[in-house]
Amino acid sequence: MDLILVNLIDGLVTGLLLFMLSAGLTLIFSMMGVLNFAHASFYMLGAYFAFQISLFFGFWMGLLIAPLIVGVLGAGVERYGLRRVHQYGHVPELIFTFGLALLIEELVQFLWGKNQMPYDIPEVLQFTAFAIAGNSIPAYKIFMIFVSVGIFIALLYILTRTRVGMIIQAALSYPRTVEALGHNVPLVFMGVFGVGTALAGVAGVIAGPVLGTFPGMAFLLGSIVFVTIVIGGLGSLWGALVASLLIGWITTFAAAYNIAFADILMAIGFTMPEDLDDSALRDLWTLTLPQIGPILPYLLMVLILVLRPQGLFGKRDA
Amino acid sequence: MTEQATTPTNLRAGRISTLSAAPWVIATLFLLAMPFIFQSNSAITIMNQMAITIIFALSYNMLLGQGGMLSFGHAVYMGVGGFFCVHIMNMVEDMSLPLPLPLLPIFGGLFGLGLATIVGSFSTRKAGTVFAMISLGVGELIAACSIIIVAFFGGEEGVSGDRTYGLPFFGVEFLQQIEVYYLIVFWLIVSALLMYLFSRTPVGRMANAVRDNPERAEFLGYSARWVRFYSFCASGFFAGIAGGLFAINYEILTEENLNLTQSGAILLITFLGGIGFFFGPIIGAIVFTLLQTVLSLQTELWQLYVGALFVATVMYFPGGLAGVLMMHVPAFRLGRAGHLVVPYIITLIPAIIGIFGLCALIEMIFHLRHAPLGESEMTLFWTTFDSHAVVPWLMALVITVVAFAIMRRNMPTLRAAWHRANSLEEESA
C-alpha cells in the first residue's frame, strides 16, 4: 500500500513534467496544424541555458531567465523558419521541425560536448519533505509538482478567462474571421509558439537536475511527448493532461513491479519448457514487466490510433 | 494550347522508347565500369554502401515523394528484412539447403512486404500527420522490441551470419568485396527499374493523384486508402531487398539498423536529393554517403554541417538537389544557359569561400572549447596554427565577412541573369 502511494507520487511528477511539454505542443498543433518535432529540443535548450546561467547567478535566476530565452528563440524559429516553410505545405513543415531537432542536438553537442552537465538541485531544496513507510520523498519532487500545477492553472485561466485567451481560442477555429476583425493572427501564432516553447523550457529547467542534462535528453523524451498528445487527442489540453498522467503512472508502475511473465503464464496453466535455450519462445518466459515498461506507451498509441484515431479527448480526426 | 502541352507527356508515359531507355543503359554501363576506375578496397566498400542506400532511399521516396506519406519508421522494413536474411543464411548453413546467395534479397523483400502488409493495413487509412505518427509509433515499438526479443534480434550485439555458406554460385563464392559489388549492382538495377516502372503503372500514377488531392481521387472512383496501401507494400518490399543486401554486405545486423536514427537518416537523404524527381534519392544517397565517409574523416563536426545543410535545403530549396538541377532545364531549352555562367562564377565562388571561412570559425570555436587542456595547436585546411592566437581568428573572420559581402553584392546580377535566361521575350540589350 505504501509502495503504491510512493509510486503514485513518482508517476505524478513524471506525468506533470510530460504535461508541461505536451501542453505547449498540443496548443501549437491546434493553432498551426503542425507537430513540432523540435519541441523536446527546446526542453533540452531550457536545461542547458539554465545550467549555464546557474553557474553565474544561481538556480533561481536560471528558472526565470532560461525559459524567456527559449521562448524568444522559439518565436524566432516560427517567424523566420516555419512561416517560410508553411507555404510548401504540412509535410515540409514536419520535415523542417525534424531537421531543426537534429540541428539543435548537434549544436548542443558542439557547445557543451557529449558529457552530462553537473547541473544540480539547488541546496535550498535538498532535503526530505516527508517519508512514507521509510521511503523518503525529496522536497524537489514536491516543488516540481507545485510548479507544474501552477503553470497548468495559469494556462487554463489565461485561455478561458482573459481577452488574449479568447482571441487565441477564436483564432484556433476561425483564423480568417479573427483576422478580418482586425487582430494580427500571425502575431498570435508567433506568440503561442513562443509561449509553448517557453513552457518546454521551464520543463527543461526543472527536469534537468533530476533526469540529467545531456545531449540525448531531447531524443529520450521527444517521442514520448508525441505519444502523449496523440493519445490525449491532438489539440485537446485536457486530453494532454489525462494522457500525460496516464503515461506517467503506467511507466512508473511498470518499472516498479517486477512481475515475470513466466509467473503469469504458469498461473494460466502453461508449463515451463525444460530446456529454455532450445525453445523459440524463450524470450516470452524470461520477460519481466520493467523490461516492457518503456514500450507500453507506444503500444497504447498504436492501439488508440487504430481504434479511436481522434484520441481520448480529441474532437477532430487528426 | 492545352492539347499541345499534354500530348508529349502522354506519349512519354505510354511507351518505353529508346530515348527513355538510354539513361538506364548508361547507368548500367557506368556501374559495371566503376570497379575498374576505383580499384581500391575502400572505394568498393563505399560504393556497396552507396548502392544499398540508393535502393533504400528510392523505396522511401515511393512513400514520401510519390505517395505523399511521411514515414518516421521506414528503417524497420529494411532492418526486419535484413534480420530475416541473416537468419536464413544461418539456417541454410546449418541444414545445407540449396539456396544460392544471390536469391537471398528476394526473401528479405518478401519479409519486408509481409510486415508492410500488416502495418499498412491500419496505418494507410490517413496520410499526413496520422500516418507519420503511426509510423513513428510502430518504428519505436519494433526498435524497442529488438532489445527485448533476444531470440530473433540478438539483443544488443545483434545477429551475424556468413555469406560464404553453401555451394558456390557458378563458381563465385562471394569471398571478395568485388563479387559482392556486382551482386549488389545487379539488384540495384533490377529494383530501381522495377520501382521506376511501378511509378508508371496506373497504381503509381494514382498514388500521385492521391498525394495531391485525395478527395478528388475518391470522387473519380479510386479508394485513396487502397492506393496508399499498395504503394506502402511495394515500398516495404524494396526496403526489404535493401535489408537483404545489407545483410549480405555486412554479415551483421543490430538494433541500430532499425531505430529512429536510421529512419531519420533516410528521410534526410531522400529530401536532400529531392523528392520531386525519380532520380532525386539517387543523388541524395550518393552525396550523403560521400559526405559521411569523406567529411567524417576530416572533422568531428560533420553531423552539424549535414544538419545545417538539411535545414537550409528544407527552407530554401524544397525540391532538393534534383530540384535545383532541374530548375536549369528551361534555360537550356531556350539556349540561354550561357548567360548564367559568369553570374554563377562571381556569386558562387565567394559563397563557397565564405562557407569555408564560416566552417573555419566553427572549427576554431570547437577546438577552443573541447581540446584537451594545454593543447592549442590545430590543423585546418592543411595549415597548422595556434588556436589561441588572435591572427587566425581575425583572418577567418575577415575572409568570411568579405566573401559573404561580395556574394551579396553580386546577387542582383545573378537574379537578373536568371530572369533573362528564363523569360521568353527577345533580349533588348
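Modeller: Here it is; ask away.

Biologist: What should I know before reading it?

Modeller: This is a predicted model, where local features need pLDDT of at least 70 and side-chain atom pairs count only at pLDDT 80 or more, while totals for chains, interfaces and linings use all residues. Residues are numbered from 1 along each chain as its sequence is written, and chains are lettered from A and ligands numbered from 1 in the order in which they are written.

Biologist: At what angle do α2(A) and α9(A) cross?

Modeller: Roughly 140 degrees, with the axes coming within 8 Å; α2 of chain A is residues 39–57 and α9 of chain A is residues 217–232. Axes are lines fitted to C-alpha atoms, for helices over the stretch in contact, and angles run from 0 to 180 degrees between N-to-C directions. Helices are DSSP runs of H or I, at least four residues, and strands are runs of E, at least two, numbered from the N terminus.

Biologist: What does that make α2(A) relative to α9(A)?

Modeller: Oblique, because of that angle. Under 35 degrees counts as roughly parallel, over 145 as roughly antiparallel, 65 to 115 as roughly perpendicular, and the rest as oblique.

Biologist: Which residues meet there?

Modeller: From α2(A), they include A:H39, A:Y43 and A:M44, and from α9(A), A:M217, A:L221 and A:V225 are among them. Contact means C-beta atoms, placed from the backbone, within 7 Å. The residues of this contact are eight nonpolar, three polar and no charged. Ala, Val, Leu, Ile, Met, Phe, Trp, Tyr, Cys and Pro count as nonpolar, Asp, Glu, Lys and Arg as charged, and the others, Gly among them, as polar.

Biologist: Switching to chain B, how far apart are the axes of α4(B) and α5(B)?

Modeller: They are 8 Å apart, and α4 (residues 75–95) packs on α5 (residues 104–123) of chain B at about 135 degrees. The angle therefore makes α4(B) oblique to α5(B). Their contact has eleven nonpolar, five polar and no charged residues.

Biologist: And between the chains, how many residues does the contact take from each?

Modeller: Chain A gives 40 residues and chain B gives 36.

Biologist: Which helix supplies the largest share of the chain A side?

Modeller: α4(A), with 14 residues. By class, that side of chain A has 30 nonpolar, six polar and four charged residues.

Biologist: How much of 217–238 in chain A is helix?

Modeller: That stretch is 82% helix and 0% strand, with its end C-alpha atoms 26 Å apart. For residues 47–73 of chain A, the figures are 96% helix, 0% strand and 14 Å between the end C-alpha atoms.

Notes. Two residues are in contact if their C-beta atoms, placed from the backbone, lie within 7 Å.
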